[in-house]
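Here's a quick briefing for anyone meeting this structure for the first time. Take a look, then read on.

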Amino acid sequence: IKVVRSYVHQALEGLLYLHDHHIWHRDIKGANILVTEDGVIKLADFGTSEKLKKEDNGAFSATNNNTTAGTPLFMAPEAMLDPKSVDGLKADIWSIGATTLQMCTGNPPWKEHNFSNFMQLMLFVAKDDSIPKIDEQLPPALRDFIGMCFRRNPPSSRPSARQLLTHPFFGKTSNNCGRRGTPLMLKPIGDGNSGGSSSGDNGIDNSIKTASQAGVTKLTFRK
């Protein structure tokens with residue numbers, strides 16, 4: 001869990017930098033997170049990323065959101081179902097939660113449904129307002145963090161990257177977010193069953209294939 005905490009915190013710091021510059025990453029997932037030999041996280045693969053355009057009313061919106069882009073299992077529901085009106089920054093937050101869940105369990109979101117293709121996933125998401133299953137054996141603060149990322153209705157209820165950096169899951173580390181953020185209070189999620197605690201670097205395999213950059217590896221997972 002300590003490794004998960006460190007990796008997710010660093011990924012959020014990188015995401016905060018992008019969002020402060022109005023950039024929608026659009027494909028946050030473990031395969032697009034690189035880890036140096038010193039455990040430093042770097043976000044990668046900006047092939048689908050987009051610079052948001054400032055509208056006359058001061059809001060920011062995507063200019064190329066007529067098509068669905070990203071990795072389905074890690075995409076926010078609204079990014080799959082209604083790409084024209086999606087808030088890209090909030091969609092990134094869902095993907096952070098999905099990636100965190102995979103770090104802890106070794107499985108991507110929605111794994112419990114055994115979807116065989118993207119269309120099955122889309123049809124399920126369209127007719128069902130549920131969220132991916134969050135392992136009840138995870139520590140309460142971690143479950144709460146993931147649950148906040150998975151808020152569906154409305155997507156605007158998801159915290160920002162800056163707010164998530166103040167979440168109790170990060171403990172004292174949350175004081176290092178660089179700028180002031182409204183602290184998030186721990187609240188129960190799902191059915192309120194907090195589950196037991198967990199320890200160790202569960203689900204993370206550091207003996208993984210070396211990426212093209214020297215001393216950098218891709219973040220992958222095992223069960």
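Helices (H or I, at least four residues) and strands (E, at least two) are DSSP runs, numbered from the N terminus, and the expected span of a helix is 1.5 Å times one less than its number of residues. What you see is a predicted model, where local features need pLDDT of at least 70, side-chain atom pairs count only at pLDDT 80 or more, and totals for chains, interfaces and linings use all residues. Residues are numbered from 1 along each chain as its sequence is written, and side-chain values use heavy atoms, with hydrogens and water left out.

**The whole chain**
- You'll find six helices and seven strands here, running in the order α-β-β-β-β-β-β-α-α-α-α-α-β.
- The chain has 223 residues, and 47% of them count as buried (under 20% relative accessible area, with a 1.4 Å probe and protein chains only).
- Take the contacts (heavy atoms within 4.5 Å) between residues at least 6 apart in sequence: 62% of them join residues at least 24 apart.

**Helix α1**
- Helix α1 covers residues 2-20, and its 19 residues reach 27 Å from first C-alpha to last, close to the 27 Å expected.
- Its buried residues include Val3, Tyr7, Leu12 and His19.
- Those buried residues pack against several elements, among them β1 (23-24), β2 (33-36) and α3 (88-105).
- Just after α1 comes His22, with a positive phi of about 60°.

How values were computed. Buried means under 20% relative accessible area, exposed over 50%, partly exposed in between (1.4 Å probe, protein chains only).
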